[in-house]
Amino acid sequence: MPAKRAANGNSKKADSKSPPSNRQILVTAAEGQTGRLILELLSTDANYSDKYAGLTALVFSEEAKASVEEEGFNAVMVLVYDPKDEAALVEAMEAVDTCLLIPPARKDKAQITKTLLKAAKKAKSVNNLVFLSSAGCDYAERDKQPRLREFIDLETLAMAAKSDPSSGDTGHSPCIIRAGFYAENLLLYTKQAQGEGKLPIPIDADHKFAPVALGDVAQLAAHVITSVGPQGLADEVRGQMMVLTGPMLVAGPELAQAGSQLLGVNMEFESITEAKAKKILASEQGEEVDDAEKEYLLEYYSLVREGKTAYVSNAAFQAIFGSRGQEMPVFFKAYSAEFKPKKRRVEH
């Protein structure tokens with residue numbers, strides 16, 4: 001389901017007097033929800049559309065290429081990733097100075113990330129390297145949450161370019177964004193919300209976390225990759241480890257209460273087992289979610305149960321946009337049609 005951009009005051013005012021930019025940007029995993037929303041912002045939002053000269057989207061299949069091209073994003077070149085064609089990957093990297101590296105939601109995300117970073121190092125031209133990671137990866141344990149923990153390894157690879165003289169300019173101006181648990185993941189439970197008035201999550205009633213709106217993550221990423229400073233990215237973001245969670249620390253019952261108030265219906269939190277959560281993800285509800293992403297979600301919920309997500313981190317977002325980010329009531333309002341119970345037809 002496409003992410004929705006709620007009007008929550010996060011956009012900066014466009015500067016019509018800004019000089020034309022010659023920045024060339026590459027966004028990887030562009031067929032995913034995160035990549036698509038960032039492409040939409042960059043190509044249609046006046047706050048960003050004049051801050052680059054070229055925009056390239058890297059996708060992982062011809063079908064994905066056709067799908068992204070159908071979106072009609074302005075002046076976006078779409079390339080298909082081919083791990084066997086290293087020369088093409090290096091050529092793509094040579095054509096840009098800025099790369100937003102989004103690891104794809106696939107089991108081979110580590111190998112793909114390594115291949116792309118290798119190509120960037122050979123190109124020696126990707127000065128601005130922005131890596132989209134995951135909040136909580138530093139709390140994850142390798143034997144219990146391997147999908148989460150691998151983001152630490154990928155961050156290490158992304159940062160290594162800066163201290164490698166053979167990489168040329170690649171990674172000289174880096175930034176890592178650790179995005180928290182996407183609030184949009186709650187859309188996996190709309191069937192239960194509509195049919196039973198339940199919000200079933202594999203955590204207990206007293207476990208807390210701070211879901212973040214995908215739109216806020218996209219806004220932050222778009223700002224970072226279009227920011228300008230003497231070294232490449234703006235000084236306020238260059239070299240930063242930016243952790244972005246939502247602005248509200250909530251438990252399951254509080255999520256259900258927020259939904260009930262905004263939707264005008266009674267929604268109750270249901271604490272379910274991990275086995276039941278797996279069953280939901282394996283059903284038709286989770287058919288569009290990659291197996292690796294399902295493992296990631298279950299691992300994140302296990303972090304919540306371990307008390308490792310009971311924090312809010314949005315200081316960087318507030319400093320840039322002057323906003324706390326999207327509150328959970330705003331999220332439920334944006335997706336009200338998906339959560340509201342369906343009216344049943346009464347046969348006479």
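How do the axes of helix H9 and helix H10 cross, and within what distance do they come? Let me start there. H9 covers residues 274-282 and H10 covers residues 291-305. Their axes come within 11 Å and cross at roughly 155°. That makes H9 roughly antiparallel to H10. The cut-offs: angles under 35 degrees count as roughly parallel, over 145 as roughly antiparallel, 65 to 115 as roughly perpendicular, and the rest as oblique. Axes here are lines fitted to C-alpha atoms, for helices over the stretch in contact, with angles from 0 to 180 degrees between N-to-C directions.

A word on the source. This is a predicted model, where local features need pLDDT of at least 70, side-chain atom pairs count only at pLDDT 80 or more, and totals for chains, interfaces and linings use all residues. Residues are numbered from 1 along each chain as its sequence is written, and side-chain values use heavy atoms, with hydrogens and water left out. Helices (H or I, at least four residues) and strands (E, at least two) are DSSP runs, numbered from the N terminus.

Back to the pair. Glu274, Ala277, Lys278, Leu281 and Ala282 on the H9 side meet Lys294, Leu297, Leu298 and Arg305 on the H10 side. Contact means heavy atoms within 4.5 Å. By class, that is five nonpolar, no polar and four charged residues. Ala, Val, Leu, Ile, Met, Phe, Trp, Tyr, Cys and Pro count as nonpolar, Asp, Glu, Lys and Arg as charged, and the others, Gly among them, as polar.

Next pair: H1, residues 33-44, and H7. Their axes come within 9 Å and cross at roughly 55°. So H1 is oblique to H7. Residues of H1 in this contact include Leu37, Ile38 and Leu41; those of H7 include Ala218, Ala222 and Ile225. The contact divides into nine nonpolar, five polar and no charged residues.

Threonine 34 sits in H1. Its relative accessible area is 10%, so threonine 34 is buried. Buried means under 20% relative accessible area, exposed over 50%, partly exposed in between, with a 1.4 Å probe and protein chains only. Beyond four places in sequence, threonine 34 contacts Ile102, Leu132, Tyr182 and Leu214.

Now the cores. A nonpolar core is a set of buried Ala, Val, Leu, Ile, Met, Phe, Trp, Tyr and Cys residues joined through side-chain atoms within 4.5 Å. The largest has 67 residues, and Leu39, Met93 and Val224 are among those with the most contacts inside it. Helix H7, residues 214-226, gives the most to this core: eight residues. Apart from that core lies another, of 40 residues, including Leu148, Leu186, Ile203 and Ala277.

Where is leucine 199 found? In strand E7, residues 198-201. Leucine 199 has 0% relative accessibility, so it counts as buried. Its C-alpha atom is 9.6 Å from that of phenylalanine 339, 140 residues apart along the chain. Phe339 is also one of its contacts, as are Tyr189, Leu255 and Met267.

Last, two backbone points. Most residues other than glycine have a negative phi. Alanine 29 has a positive phi of about 50°. Alanine 29 lies in the loop between strand E1 and H1. At 7% relative accessibility, alanine 29 is buried. Lysine 124 has a positive phi too, of about 60°. Lysine 124 lies in the loop between helix H4 and strand E5.
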